[in-house]
Amino acid sequence: MVPAFCICTNEMMSKWETLVSEDGSCELDVWPDLQILARDALSRTAFGSSFEEGKRIFELQKQMLLRTKAYRRTMEMEKGIQATLRAIIAKKKKAIQAGTAATDDLLGILIESNLNEMTESKNDKSFGMNIEDVINECKLFYFAGQETMSVLLVWTMILLSHHQEWQARAREEVRQVFEKAKPHMEGLNQLKILNMILHEVLRLYPPISMLDRATHKETKLGDFTLPAGVRVSIPILLLHHDHKIWGEDANEFKPERFAEGVSKGSKGHVAFLPFSWGPRICIGLNYSLLEAKVALAMVLQQFSFELSPSYTHAPCCIISTQPLHGARLILHKLWS
């Protein structure tokens, strides 16, 4: 998936380069472009050759979120999403069964795995997923993946704009590992400083500020005994800023707290939950961190960036933790 991430990031930076003035700089709100980057990368990696149809699904989902009153139009959009996904899935399934499809995209992997499970169970309908299950999986990983990925990227660029010393350290690490080459898997695993930065961004600005869970049986939780059927809210944002866990500097940007890993950073507490935890941990964890490293490494190779005087800091929870007034930055092209 790394080549797909590189293609999408390169397209975004090519747009930025056209905006650069004679002095080598430009001012823009990077938030919309990072949303497009996350959408396009997920379209390519989720739907493979059908990524253009995948982008259409995202647009319909986005419009549905903005339309709370127009019921008829919302239902029409839902039908459009369903029809598009059914066509993509049917085409992919037919090609896999015929042995002519590549299964290196997320949808292909999902369908192939499901077909194998159903074959092994001798078509017992209690095993595997039906078409509705597959559609719902597609809608979920497409929406959730784009939403969490774009907010991770935007808060990282905002914080590195504010903390120039960490931006410089991350850029030097990227140069040492890749020089002028595109990111590759072996090198991405060597980006220790960038990894620390991403973890600290996820701590301060977790994509989802609160999780809800339900107990299906009586559960012992510390000194509490919770009966079956209880809904439990986990305030991720509060846990990530708890001074008892992270220290008196819990509200400060200090990536070095993760120099020896998450456990040492949180003093042994299970309190770092940007992707949840346990058996329900987000399956997109590694995907998100990988895409973030690729995108940020490429941006750091080509641009330095700082906060615009017109930037207004206003984190807001709109499904995810977003910058309410965008992310106006000043980009400076690094000429090689």
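Author: The account below begins with the sheet and then turns to salt bridges.

The model is predicted, so local features need pLDDT of at least 70 and side-chain atom pairs count only at pLDDT 80 or more, whereas totals for chains, interfaces and linings use all residues. Residues are numbered from 1 along each chain as its sequence is written, and side-chain values use heavy atoms, with hydrogens and water left out.

Three strands make up an open sheet, in the order E1-E9-E6, with antiparallel pairing. E1 and strand E6 (303-307) are the edge strands, each pairing on one side only. On average, neighbouring strands of this sheet are turned by 30 degrees against each other, direction ignored. Strands and helices are DSSP runs numbered from the N terminus (E, at least two residues, for strands; H or I, at least four, for helices). Two strands count as paired if DSSP finds at least two bridges between them. In general, strands of a sheet pair through backbone hydrogen bonds, either parallel or antiparallel.

E6 and E9 run antiparallel and are joined by five bridges. Ser 304 has His 332 in E9 as its bridge partner. H13 lies across E6 and E9 and runs at about 95 degrees to E6. Contact here means heavy atoms within 4.5 Å. Axes are lines fitted to C-alpha atoms, for helices over the stretch in contact, and angles between N-to-C directions run from 0 to 180 degrees.

A salt bridge links the side chains of Glu 27 and Arg 328, at 3.1 Å from N to O. This pair connects distant parts of the chain, with Glu 27 in strand E1 (residues 25-29) and Arg 328 in strand E9 (residues 328-333), 301 residues apart. The term salt bridge denotes a side-chain nitrogen of Lys or Arg within 4 Å of a carboxyl oxygen of Asp or Glu, and by this rule the count comes to 13. Glu 27 is partly exposed, because its relative accessible area is 38%; Arg 328, at 31%, is also partly exposed. These classes are set as follows: buried is under 20% relative accessible area, exposed is over 50%, and partly exposed lies in between (1.4 Å probe, protein chains only).

Another salt bridge joins Glu 200 and Arg 203, whose closest N and O atoms are 2.8 Å apart. Both residues lie in helix H9 (residues 192-204), three residues apart, about one turn of the helix. Glu 200 and Arg 203 are both buried.
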